[in-house]
Amino acid sequence: MPHVNSLYGPLDPALDAGYVDAPPRMGFFTDTSVCIGCKACEVACKEWNLVPESGLDLLGMSYDNTGALTANSWRHVAFVEQPRSVGWATPAFRDTPDGPPVSPETAAVGAHTSTDTGTYPGLPPGSPAAAARMSGGPEFLGMPGAQPPGRGAGAEGRTDFRWLMMSDVCKHCTHAACLDVCPTGSLFRTEFGTVVVQEDICNGCGYCISACPYGVIDQRKDDGRAWKCTLCYDRLGVGMTPACAQACPTESIQYGELDELRERAAARVATLHERGVPEARLYGHDPNDGVGGDGAFFLLLDEPEVYGLPPDPIVTTRDLPAMWKRAGLAAMTMAAATAVAFLGRRP
Amino acid sequence: MGVRSWFEGWPVYRQLTGTDPLGRGAASKSAGSLSLTARTDTADSMAKSVCPYCAVGCAQRVYVKDGQVSQIEGDPDSPISQGRLCPKGAASKSLVTSPLRETKVRYRRPYGTEWEDLDLDTAMNMIADRVLAARDETWEDVDAEGRPLNRTLGISSLGGATLDNEENYLIKKLFTAMGALQIENQARI
Amino acid sequence: MTDTTSPVPPADFSSYYGRPVLKPPVWKRDIAGYLFTGGLAAGSALIGAGGQLTGRPGLRTVSRWTALGGVAASTYLLVHDLGRPARFHHMLRVAKLTSPMSVGTWILTAFGPLAGVAAVAELAPLLPQHGALGLARRLAPPIGNVAGLAAAATAPALATYTGVLLADTAVPSWHDAYPSLPFVFAGSALAAASGVGLMAAPAAETAPLRRLALAAATIELVGGRRMERLGLTGEPYAHGRSGRLVRAGRALLAVGTVAALVSRRSRILSAVSGAALVASSVATRFGVFEAGMASARDPKYTVVPQRERLDQNGPTAGR
Amino acid sequence: MAEAHPVGFQWVMAAKRRGAKVFHVDPRFTRTSALADSYLPIRAGTDIALLGGVVRYILENELDFREYVVSYTNAATIVTEEYLDTEDMHGLFSGFKEENASYDQKSWRYEGIGQNAATRDTETQRETAAGLEHESHGAPVNGQTERDETLQHPRCVYQILKRHFARYTPEMVERVCGISQEKFLELAQAWTQNSGRERTGMLVYSVGWTQHSVGVQYIRTGAIIQLLLGNMGRPGGGVMALRGHASIQGSTDIPTLFNLLPGYLPMPHHADHPTFDEWVDSIRHPGQKGFWGDARTYGVNLLKAYWGDAATAENDYCYGYLPRMTGDHGTYQQVLNMIDGKVKGYFLLGQNPAVGSAHGRAQRLGMANLDWLVVRDLFMIESATFWQHAPEIETGEIVPEECRTEVFFLPAASHVEKEGSFTQTQRLLQWREKAVEPPGDARSELWFFYHLGRIIRERLARSTRPRDRALLDLSWHYPTHGPSAEPSAESVLYEINGYEVASGRPLSTFTEMKDDGSTAGGCWIYTGVYADGVNQAARRKSRHEQDWVAAEWGWAWPANRRILYNRASADPDGNPWSERKKYVWWDPDKAEWTGYDVPDFEKKKPPSYRPPAGSSGVAALAGDDPFVLQGDGKGWLYAPTGVLDGPMPTHYEPVESPVRNPLYRQQANPTRKVYTHPINTLNPSPPEEHSQVFPYVFTVSRLTEHHTAGGMSRTVRPLAELQPEMFVEVSPELAAEVGLAHLGWAHLVTTRAAIEAKVLVTDRLTPLRVDGRIIHQVWLPYHFGFEGLVTGDSANDLFGISLDPNVLIQESKVGTCDVRPGRRPRGQDLLDLVVDYRRRSGDLGPHYPPQVTTDAADSGRDREV
């Protein structure tokens, strides 16, 4: 029977999806504070899941030439260059004779770029203004391009710099809108609590794409179906680690039982705070959040939106009962209006 | 498939009768998902290998199905790599199964403008002819003072450092016996 | 260095290279078209039933055919929009209350054949008087009447579920408009169906349609009034291409309704009012559709409201 | 390290998690910098100045690990008074000979030794890259030395070192490297504080360090620091070379290098080694300490393995068959000879010099002037299609219809299509099993060379010419199997390992080798890899089933030893320096060395052992001489012989530099290898005029997403898409100065070539203040070429050819260039552009900067000395 929390709040999703003796819920903890941006996850995923090519254009978004999670990129490593220091490091350019930072301007240029990812909507163009702010750090440093960068004056020199990297992936939400809106049952909850597109079922209706609050799921142009991370459902079934987590050289991507990962993550944040990295925070770990907690959650070093993540997503289906009520009311109004119109005085 | 079993397999029926009324999981699992398994599990064989890119020496497992490489991934047993691979190592399957790989001998004749096909045996014999000819043409027996040289400077070789030790051994052995001295490797570069 | 002649104005929110957080819907215009045809079919089925029950055979016939046409077009558009059209029947694997599209599929599955039978029953007078077909000629009208009423019974659901269809997404302007969309769509469906009736049905039978047009306009405008008041995510309903379409829809609705009310004897004015109502519905549907697309393409509509919520309340917690 | 060796970097991250502090020094802020605790932007080519600063910091503050330094290094050894330092000679050491720009090392010797044991003059050593022989052993020196263990003697190595590095002050580091004093001191403090009994620090470099005209001395400087801090031979210490190719270590151990035979035995030189005995003695240096005393055995075993029954004591084991060097026969000399028409045929075996070697244009023009070229590769690489698609086609320098080179492209087997062993960067051999058959005509190199040898031997079967005896007598019998008659790689490994001739029993260790022809073995340092007839390199015992040293995974040379010189992990008495850092120690109860690893010491020789007077070889090693392959058993802070450009590292500017050497009048390495070939023109550098024509410093390296010349990555879809275009990274300040736009085009010009690239303007690059000037650096990946899924101009085309004197490796990590906005010109206009730059930078003829600049009057402070 559906759980009282079937649409919102903390929940054991496998149990809710009808699995009687489900194994523990499995997930990813992606610790961006140790990510080296090597993209092994992107490649290992493609190799295992036979994911096609996703475009051969230089995007100028730092070292990100993938651009976004798409149907042809189930892992996406984001790169953000910012003129501020990461908590653990000595300011990178202390005492070098440089001018003001350029990262906001180059980010703005990067926002314009595109590549044919072979998917739809793939990598839509961005807004330069917003891009500029991201690379200006949390406090935007002002109008980029308003003045030419200084030449060695040193006074206005950039001292602080950090390069954030983060391997993004499907969040495998506790309350997965993509799954709930799927009209074919192609998207389904596995016994591991993960969310998977069944490629033998999907008919490419595209509803999941609009429903995902993270912009994860996407459609392949040539084949019409929706594709995303399966958390390597086939590997999980035989007790293997997902391809990306297995490849990840620095344990930035950790795979395991979600409960244990959450404990590990909390400890990691505490350690980082102790070591002078107050900007470390978790994202998607909280079962009380708007999607009931993510099966794939993150340790971030900046606001989520800087990495392209929504800051506080709420699953759309939370409001579904209210929506149906409104629809019912509207339907009754419609029927009543028709009745009144016909039952009214004959001309 | 009988009507009855078809009906009982119909997810709507499963929704109505099973534990998953919302059709979120158990009820909507497809035939494909039911039979899904990791292809490493169904491989015919697995070879223990080593990544061909850098010198860290990450261990790889190479899975083979029907005579084709079906997957290459890190070997978790390795004390060096612990099963991890970088993007290059992770792309090893694409490397060895790439459609861009050349699998036929190609020949460009002097002053030619196009590649031509050549039989492997023919190529081997032609190369042997040329090696012997170049050696004879440029052979040096002794130096000006009569000290032995035993060599040819007419033949050069430059090897990549993805050659196996055994290969390097035979290369060096053969060239040395041939008197070919100018044998070099990426290790110089 | 960017082109320093066109400095980038600072934005008041962060994002990843200004790229949208969401994937804009992949639905093509097919779906906007479907919103219209589905609504038209539903409204027409209701009007058909009204005509049937109030003895307006001309109106009944026109509406039944419109309903069938609408539902046929809807089905075509829905299937056509699929990435894998040959797998349209996979929609019938499951019945999911959480999926408005699944619910809608089942509604359509019920409505479509009923509307079809009701419409086909209108062909009875063309059948011969005797023989097997004569039997059919005699049985068809009552079957058609039952079917027509049954179709009408499902019609309001068909007209309004599409509001949920759009609202049950992460698309900011659609989701936030969830209280309004079913009413807008209900009104728009009635307006379109009334419009077709005004154009095609015998003038003598269209009186209810004039009242219905007024009711439709009332429902749509009252229901839709909240859309622009959504704050940031209401912006696309008022601005840009989508805003222009929505405004055009309103204007046409007003024009059509007034024209319908004053047209009474004028066949031409009736037709004009009908056309305006139909056009209004088309414009409204496309406007709402485009507004959602616009809101998904710009990260502002995703990030800013969420950021404001966070700043005010802290992280969303089990509310 | 995160960029080029991500999986190795996991151990850095593991250390960081446990509290290690990570410093990263690089001209540009990389993925490694992003994770480091401190990043030091450095001017490319100034590492010795930085590390020299650390040496000075240690010595001035007496922060060395004194007990280790006194006992295990040559710090206490007294040097002859003939020795003169760079302090006295404007940047040269004593013994410099202008006529051949090389050092007579006689004056560098230890006190009390009549003469350094080097038997070959230093120019010959340079020409034959003799430094490479030291990969497995120290340079020759006599065993017994005069010492002052108080380290007070003015001519003891400790004091010499202190004086030599005295001018490498934090201020000087800042002036030369552009690294602030504050940053420098942070590094020096952390390094010294994390070394000693309880702690060890590790220095990690990638082999870009070797690609400098002073590359060997870079590494020497690192080694000096690690010796002073007691970080050698101990867990968590050492100097870690991150090599860039799967078996590049193996390629020097079992070399395909002109100057080496397997096991670092030198290829004979026509003048120095006319006879077998002279050859052997030149290696073992009679009277010297250590394992090279048995060089004769190693030589005999190699020759026995090569020529089998034909090799007998009577014929000096066929020593006469070996070809002889007369000078430099290295790859760059070969290429210049190709251009001059002296080379007939060229084999390229999985190597792509058209992209991967310095001076790409010279490489391609050389290939275009051969009789024939054999390319064996997986993909159609640039070096196979130079006659079709090279940039020189566009400029008209290569015309296909006029290019006579006959090209054979033979598809190669991939690493999963053949069996064999790779030796990774820590000397660990790992065997690969064959997974599938190679497709079509693809074959292994093993197949190719075995069958080429077979065919050639068949052709010559009836030859009576003496020159063919070496081929006909060659032991060339390897079992083959399968449809394509693939030779057995294990049978080759068995021969490499060595065996008893009579019984065929595989040898277990090289100490079982005999010098009487009763054993044969192809590479003495690899003996044991096939011990007991078991392929030890194929061992794959899971890390979960053994300790952290994991001795049962693969096999490391020598003798499966994982840390070299690990005797130094115990104190002179044989006890671990500390419980935390214990590794190998003396067990007095069992009277033997024991520990986690195979002790790098004679198992039963007690710490208290002192050699009797007059002993030599292994017996001469005292119980506290941990550096068992060094002639005096000590780690060398000062190299009395063997390093051709000086006994101690000295900062010289790169051959192409916009900066006058702030430390000495001597500008660049005076002993570097120079090729005065017309094609190899070099940009002028101070004190010459016109150096401002090439005002910017460029450096190249790898991206994580690509591999070397791109033959294995630009052809692979999931990699190609991750870095799909050639680009150049520039700082915002340089972009403003030159007028470059992010994602726009730029081209870079040197006297060799002009190449174009997309521009990435990034804060990750910064200008540096060097000696009062602002120096801009740009960075390029060197992966791109004109074939493959993604293409672009090759960065290596920009370089000229200047080599390190010790190992003849080219300076391809730093050069000067001009940077201009927009795309480069095409065709003849491109040549005109380069010619124009040559005209502006002096003259049109080939240009070579002077080797010696000590009399240049412009130099700064070093005259005050």
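A: With burial: a residue is buried if 20 or more other C-beta atoms, placed from the backbone, lie within 10 Å of its own, exposed if 12 or fewer, and partly exposed in between. A nonpolar core is a set of buried Ala, Val, Leu, Ile, Met, Phe, Trp, Tyr and Cys residues joined through C-beta atoms within 7 Å. This is a predicted model, in which local features need pLDDT of at least 70 and side-chain atom pairs count only at pLDDT 80 or more, while totals for chains, interfaces and linings use all residues. Residues are numbered from 1 along each chain as its sequence is written, and chains are lettered from A and ligands numbered from 1 in the order in which they are written.

Q: Which residues touch the most other members of the largest nonpolar core?
A: In soluble globular proteins, nonpolar side chains tend to be buried together. Here the largest core has 533 residues, and Ala44(A), Cys178(A), Cys208(A) and Ala115(C) touch the most other members. Contact means C-beta atoms, placed from the backbone, within 7 Å. Leaving out residues up to four places away in sequence, Cys208(A) touches Cys178(A), Val181(A), Cys182(A), Leu187(A), Ile217(A) and Ala226(A). In chain A, 70% of the 347 residues count as buried.

Q: How many helices and strands does chain A have?
A: Helices (H or I, at least four residues) and strands (E, at least two) are DSSP runs, numbered from the N terminus. Chain A has 10 helices and 11 strands.

Q: In what order do the 4 strands of the open sheet in chain A lie?
A: Two strands pair if DSSP finds at least two bridges between them. The order is β9-β1-β11-β10 in chain A, with mixed pairing. At the edges, β9 (253–257) and β10 (281–283) of chain A each pair on one side only. Inside chain A, β1 (residues 26–31) and β11 (residues 296–300) run parallel and are joined by 4 bridges. Asp31(A) stands opposite Leu299(A) in β11(A).

Q: Which helix packs on the sheet?
A: Angles run from 0 to 180 degrees between N-to-C directions of axes, which are lines fitted to C-alpha atoms, for helices over the stretch in contact. Helix α9 (residues 258–274) of chain A packs there, touching β1, β9, β10 and β11 of chain A, and its direction makes about 135° with that of β9(A).

Q: Is Gly617(D) buried or exposed?
A: Gly617(D) is buried, because 20 other C-beta atoms lie within 10 Å. Gly617(D) lies in the loop between β20 (592–595) and β21 (673–674) of chain D. Beyond four places in sequence, Gly617(D) contacts Lys289(D), Gly290(D), Gly293(D) and Asp294(D).

Definitions and conventions:
Contact = placed C-beta atoms within 7 Å.
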